[in-house]
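Biologist: Please take a close look at one part of this model for me. Then tell me how that part sits in the whole.

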Amino acid sequence: MDAGLVSIIVAIIGGVALILSSLSGFRKENQKDHAVVTFHLENLSKSVEKVSDKIDTHITDHAKGVM
């Protein structure tokens with residue numbers, strides 16, 4: 001085989017390996033980011049539920065004339 005052809009094949013294999021390994025790193029980082037976002041959305045959801053309950057109680061009190 002020609003030395004130039006071997007160099008090109010080695011460079012292509014190295015490039016593909018580099019791309020695949022970097023994609024794996026992005027996937028791990030993406031999973032961590034999703035976990036953080038999910039955690040914050042769950043906390044936000046709990047806060048919204050609490051506010052919703054308070055508003056419902058307040059409106060019910062007004063309808064009953066309690067306030």
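Modeller: A term first. A helix here is a DSSP run of H or I with at least four residues, and helices are numbered from the N terminus. By that naming, Ser47 has its place in helix 1. Bear in mind that this is a predicted model.

Let us start with the part I would pick, Ile12. Ile12 lies in helix 1, which covers residues 3-64. Is Ile12 buried or exposed? Ile12 counts as exposed because its relative accessibility is 51%, and the cut-off for exposed is over 50%.

Ile12 also belongs to a group. Together with Ile8, Val16, Ile19, Leu20, Leu23 and Phe26, Ile12 makes a nonpolar surface patch. The area of that patch is about 710 Å².

Now compare Ser47. Ser47 is in helix 1 as well. Its relative accessibility is 40%, so Ser47 counts as partly exposed. The band for that label runs between the buried limit, under 20%, and the exposed limit, over 50%.

Next, distances along the chain. Where does Ser47 stand relative to Gly15? The two are 32 residues apart along the chain, and their C-alpha atoms are separated by 48 Å.

Step back to the whole protein. How many helices and strands does the protein have? There is one helix, and there are zero strands. The protein is more spread out than a compact globule, because its radius of gyration is 29 Å, well over the 11 Å that the globule rule gives for 67 residues. The box filled by the C-alpha atoms is roughly 95 × 15 × 10 Å along the principal axes.

What share of the residues is buried? The answer is 0% of the 67 residues. The accessible surface totals about 6000 Å². Carbon and sulfur atoms account for 67% of that surface.

Last, the charges. The protein carries 7 positive and 8 negative charges. The mean positions of the two sets are 6 Å apart.

To return to your part: Ile12 is an exposed residue of helix 1, and one of the residues in the nonpolar patch.

Methods. Residues are numbered from 1 along each chain as its sequence is written. This is a predicted model: local features need pLDDT of at least 70, side-chain atom pairs count only at pLDDT 80 or more; totals for chains, interfaces and linings use all residues. Side-chain values use heavy atoms; hydrogens and water are left out. Patches are made of residues with over 30% relative accessible area and no salt bridge: like charges are joined within 9 Å, nonpolar side chains (Val, Leu, Ile, Met, Phe, Trp, Tyr) within 5 Å. Accessible areas come from the Shrake-Rupley method with a 1.4 Å probe; for residues, only the protein chains shown count as cover. A salt bridge is a side-chain nitrogen of Lys or Arg within 4 Å of a carboxyl oxygen of Asp or Glu. Helices (H or I, at least four residues) and strands (E, at least two) are DSSP runs, numbered from the N terminus. Buried means under 20% relative accessible area, exposed over 50%, partly exposed in between (1.4 Å probe, protein chains only). The radius of gyration is taken over C-alpha atoms; the globule rule is 2.2 Å times the number of residues to the power 0.38. Lys and Arg count as positive and Asp and Glu as negative; His and the chain ends are not counted. The place of a charge is taken as NZ of Lys, CZ of Arg, CG of Asp or CD of Glu.
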